[in-house]
Amino acid sequence: MVDLPACPNCSGAYAYEDGTMLVCPGCAHEWSASGAGEADATIRDANGTPLQDGDSVTVIKDLKVKGSSSVVKVGTKVKSIRLVGGDHDIDCKIDGIGAMKLKSQFVKKV
């Protein structure tokens, strides 16, 4: 039996191989079996520009706010973003709405 590494997301010990990827059944996180792509995992905007903490970005699509009737409109400028891991890459505050988590695919760097 092959010893597989623990999940890098939740440290679960029950990872399994699925083709060339490893999958954690506990949190459904997938990662490369070779581990080659993990070292260069920079977060990029919709145009492919690398993002950093403190950057300013602009929203490129109307985004519905979950659990509310408000919408983040196209062209909304967001200052001082913070990059985090997970499904939503960006933590920020938007004027008039408050704290939000955004996906990097819906923003572009200013």
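These notebook entries record what I looked up in a predicted model of one chain.

**Basis.** The model is predicted, so I note that local features need pLDDT of at least 70 and side-chain atom pairs count only at pLDDT 80 or more, while totals for chains, interfaces and linings use all residues. I number residues from 1 along each chain as its sequence is written, and side-chain values use heavy atoms, with hydrogens and water left out.

**Entry 1: the fold elements.** I looked up the secondary structure and found zero helices and 11 strands. Here helices (H or I, at least four residues) and strands (E, at least two) are DSSP runs, numbered from the N terminus. Read from that end, the elements run β-β-β-β-β-β-β-β-β-β-β.

**Entry 2: overall dimensions.** Along the principal axes, the C-alpha atoms fill a box of roughly 55 × 30 × 20 Å.

**Entry 3: surface and contacts.** I recorded that 25% of the 110 residues count as buried. Buried means under 20% relative accessible area, exposed over 50%, and partly exposed in between (1.4 Å probe, protein chains only). The chain exposes about 7500 Å², of which carbon and sulfur atoms supply 49%; accessible areas come from the Shrake-Rupley method with a 1.4 Å probe, and for residues only the protein chains shown count as cover. Among contacts (heavy atoms within 4.5 Å) between residues at least 6 apart in sequence, 36% join residues at least 24 apart.

**Entry 4: Leu 51.** I located Leu 51 in the loop between strand 3 (30-32) and strand 4 (57-59). Leu 51 counts as buried because its relative accessibility is 6%. Leaving aside neighbours within four places in sequence, its contacts include Ile 43, Val 57, Ile 81, Leu 83, Ile 90 and Val 107.

**Entry 5: Met 21.** I found Met 21 in strand 2 (residues 21-23). With a relative accessible area of 29%, Met 21 is partly exposed. Not counting residues up to four places away in sequence, Met 21 touches Tyr 16, Glu 30, Trp 31, Ser 32 and Ala 33. I also looked up Gln 105, which is 84 residues from Met 21 along the chain; their C-alpha atoms are separated by 23 Å.
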